[in-house]
Amino acid sequence: MPMVSAQAAPEAKTHDPLEFRRALATFPTGVCVVTTRAPDGSSIGVTCSSFNSVSLDPPLVLWSLGKNAYSLPIFRDANYWTVNLLSSDQEDLSNRFARPGEDKFKDVLTETGIGVVPMLTSCCARFQCQREHVYEGGDHLILVGRVHVFDRCDRLPLVFHSGQYARHIGNDIARACGMRTRHLIDWL
């Protein structure tokens, strides 16, 4: 059996955080709003593009939240939260939940999920989760949840790419799914 020698790890190079962020932005992502209920009963929500599946069995998903986020202690300690995958016509909700300091739920239609968590309506999909793990991840916390309930519909997703909403990607998705472009335009 041949011997495998371990190589020393390459020396860590310092990098420009802005350039690193630009490089990461070349990866298109869906846009989510994660919602929960604070201990005082208020509804809390934040826009997130760092959502991912982890496992099918058990059903686990993850998302991350910056350690400087005002809502961090609430999400870190919440037993339940919902990931609402926004549809292409929900750009206004993405912008609303990305801004600090306003009543994000004012005049927003919601439903109530497990743990009395508010859920947005007309989303592509919603994943109602119970906190499974919370991990340190540099300047973010990584929150892993076990999905107890989910639902989905045939709406097109809101996509973010290179610092902006990527509307043209929706047309490519529609064509790949065999949808008529006119049908897509009706959604946008």
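Trp 63 counts as buried, because its relative accessibility is 0%; buried here means under 20% relative accessible area, exposed means over 50%, and partly exposed lies in between, with a 1.4 Å probe and protein chains only. The model is predicted, so to speak of local features requires a pLDDT of at least 70, while side-chain atom pairs count only at pLDDT 80 or more, and totals for chains, interfaces and linings use all residues. Residues are numbered from 1 along each chain as its sequence is written, and side-chain values use heavy atoms, with hydrogens and water left out.

A pair of aromatic rings is described by the distance of the centres and the angle of the planes. Rings of Phe, Tyr and Trp (for Trp, the six-membered ring) pair if their centres lie within 6.5 Å; planes under 30 degrees apart count as stacked, over 60 as edge-to-face, and the rest as tilted. By this rule the count is 6 aromatic pairs. One of them joins Trp 63 to Phe 75, edge-to-face, at 5.0 Å centre to centre and with 80 degrees between the planes. Trp 63 belongs to strand S5 (residues 60–66) and Phe 75 to helix H2 (residues 72–77), so this pair ties together parts that are 12 residues apart in sequence. Helices (H or I, at least four residues) and strands (E, at least two) are DSSP runs, numbered from the N terminus. Phe 75 is buried, as is Trp 63.

Trp 63 also forms an edge-to-face pair with Trp 81, at 5.8 Å centre to centre and 75 degrees between the planes. Because Trp 63 lies in strand S5 and Trp 81 in strand S6 (residues 80–85), this pair ties together parts that are 18 residues apart in sequence. Trp 81 is buried, with a relative accessible area of 0%. Elsewhere, ring pairs link Phe 51, Phe 127 and Phe 150 into a cluster.

I come now to the charged side chains. The structure holds 8 salt bridges, a salt bridge being a side-chain nitrogen of Lys or Arg within 4 Å of a carboxyl oxygen of Asp or Glu. Which residues are linked in a network of salt bridges? They are Glu 111, Arg 126 and Asp 151. Between Glu 111 and Arg 126, the closest N and O atoms are 2.9 Å apart. Glu 111 lies in strand S7 (residues 110–112) and Arg 126 in strand S9, so the pair ties together parts that are 15 residues apart in sequence. Arg 126 counts as buried, at 10% relative accessibility, whereas Glu 111 is partly exposed, with a relative accessible area of 39%. The side chains of Arg 126 and Asp 151 meet at 3.2 Å, N to O. Asp 151 is partly exposed, at 27% relative accessible area.

Another salt bridge joins the side chains of Glu 136 and Lys 67, at 2.3 Å, N to O. Glu 136 is in strand S9 (residues 125–137) and Lys 67 in the loop between S5 and H2, 69 residues apart.

Finally, helix H3 (residues 91–98) has the buried residues Leu 93, Ser 94 and Phe 97. Seen down the axis of H3, they fall within an arc of 105 degrees, so they line one face of the helix; the arc is that of the directions from the helix axis to the C-beta atoms. The face of H3 turned away from its buried side carries the exposed residues Asp 92 and Ala 98.
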